[in-house]
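Here are a few notes to read alongside the model. Please take them in order, with the structure open beside you.

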Amino acid sequence: MNQHVFAILEKCNHLNHLKQLQSFIITQGQSQTQFYVFKLVRFCTLKIFNFYYARLLFDHLYAPNIYLYTAMITAYASHPNHHTSAFALYRHMLCKGKPTPNNFIYPHVLKSAPEVLESNGTKLVHTQIFKSGFGQYPVVQTALVDAYSRPGSCIGIARDLFDEMAERNVVSWTAMVSGYMRVGDVGKAILLFEEMPNRDVPSWNAVIAGCTQNGFFSEAISLLRKMVMEGKGGNWPNQVTMVCSLSACGHTGMFQLGKSIHGYIYRNDIGNDCLVANALIDMYGKCGSLETARRIFEMSSKKNLTSWNSIINCFALHGQSDTAISVFEEMINCGVEDVRPDAVTFISLLNACTHGGLVEKGRAYFVLMTSSYNIEPRIDHYGCLIDLLGRAGKFEEALEVINGMKMEPDEVVWGSLLNGCKIYGRSDLAEFAVNKLIEIDPNNGGYGIMLANLYGALGKWDEVRKIRKKLKEQNAYKTPGCSWIEVDSQVHQFYSVDKTHPRTDEIYNILESMVGLY
């Protein structure tokens, strides 16, 4: 019987096939046999991703055992949209009183807890772990470190738990490094990474990805170089490493280094799938090599939604509005079922319309997004639309859009309106927009300086003095401008009024000599 069921499951690839097997099991009087139901549930969640039918199978049992609860909770926890279901099922199990949780189920519950109840959820599960006596199991301790280091929880508690661990393996260290990266404390993450007694590829990926996600692109590239140079114990870059590194290159415009990474990928045969191809398209596009980006896109054997979004965004970023729109039209007519425009697609399209001054098309795409594709506009979409209308001088319509938004306008929305006001000299509306920006972030000195400059242009010198005095009293900050330049595959980073570069004296001498030529 077991071999017969396994043989049929191996051939199943559709829910109807599973239902036939289930019917066979029922006719054999085995509908309450936990082992068979476990296999059916696992098939539903892992192969056809039908959580609804998996739960029907689970609920049909009179008394599911701990393995079935673990299977269902694991499946729910592995998908962000089902975290609430994972936590609810765990609570249901506790209320019933049996089966009792074990050390294998807690890591999956903890994965969902912060998403459902933030720090309180983690603390509730932590209390239950303490009561049930599983607090000293390394796998549970590592899961607690991970849960407490998620947004809304407490990184301090995570570090205390990490320091108290009697046995720390590479997974525990990586969890703590990832935790610091998640809350933006890149310095502590790198210091902890350097202290690691042993490293594996996921730990390298955690620190490189963390640097990239937090905007520390130069550090990400330095770590990649270090990883390649060390290359001990088989810790060679994989697909994830390459994707994160290419992202860093794209954000900083490191074209030559990006090409070198592409060569490394080719020589070492690191992935021919969409993940790497999409990262290459994005990198070449952001670095301005649109022909190469398009060539990689065309050569991709299987283009997914991210592939299309990446190439559309490439052309939109560089002002090639007509090409971006043409690719979008090609996308919606490609006939691939899984390729359907999403929120990201329309952000790129609206950006393309903004760069090309295509107001009517921009309006039409905004309507198409909501009416034909049932996509709820996000703050990013509104920011793009306001930018489009502001650059076209359509301020009344822009204000109507802002007043009709279902969420509070953010800095991008008011900043986009302000840019339009500067183009058309609308000082009255510019003053209104800057005051809104100051309300959002009162300590941002950049906004105060904008308002002071605006009042200066209008001759309101008393107002200028008041603002400057207020900025001084608040000790307001202004984010300095930053730029990068790539020389001999090395990135040099400069901030406004920056003198930290080791060759600062030479740079200023050259600048002064250039000024003397005029």
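1. First, a term: on a 1 Å grid over the protein atoms alone, a cavity is a set of points where a 1.4 Å probe fits but cannot get out, while a pocket is an open set with protein on both sides within 12 Å along at least five of seven lines; lining residues have an atom within 4 Å of a point. By this rule there is one cavity of 30 Å³ or more. Volumes are the space filled by probe spheres set on the points, which are joined across faces, edges and corners.

2. Please bear in mind that this is a predicted model, where local features need pLDDT of at least 70, side-chain atom pairs count only at pLDDT 80 or more, and totals for chains, interfaces and linings use all residues. Residues are numbered from 1 along each chain as its sequence is written, and side-chain values use heavy atoms, without hydrogens and water.

3. The largest cavity holds about 80 Å³ of space. Among its lining residues are Gln22, Ile25, Val37 and His60. Helix 2 (15-27), helix 3 (34-46) and helix 4 (51-60) each give two or more residues to this lining; helices here are DSSP runs (H or I, at least four residues), numbered from the N terminus. Helix 2 provides the largest share, three residues.

4. Now to the second largest pocket, with a volume of about 370 Å³. Its lining has 18 residues, and Asn278, Asp282, Lys286, Thr306 and Ser310 lie nearest its centre. Helix 16 gives the most, five residues.
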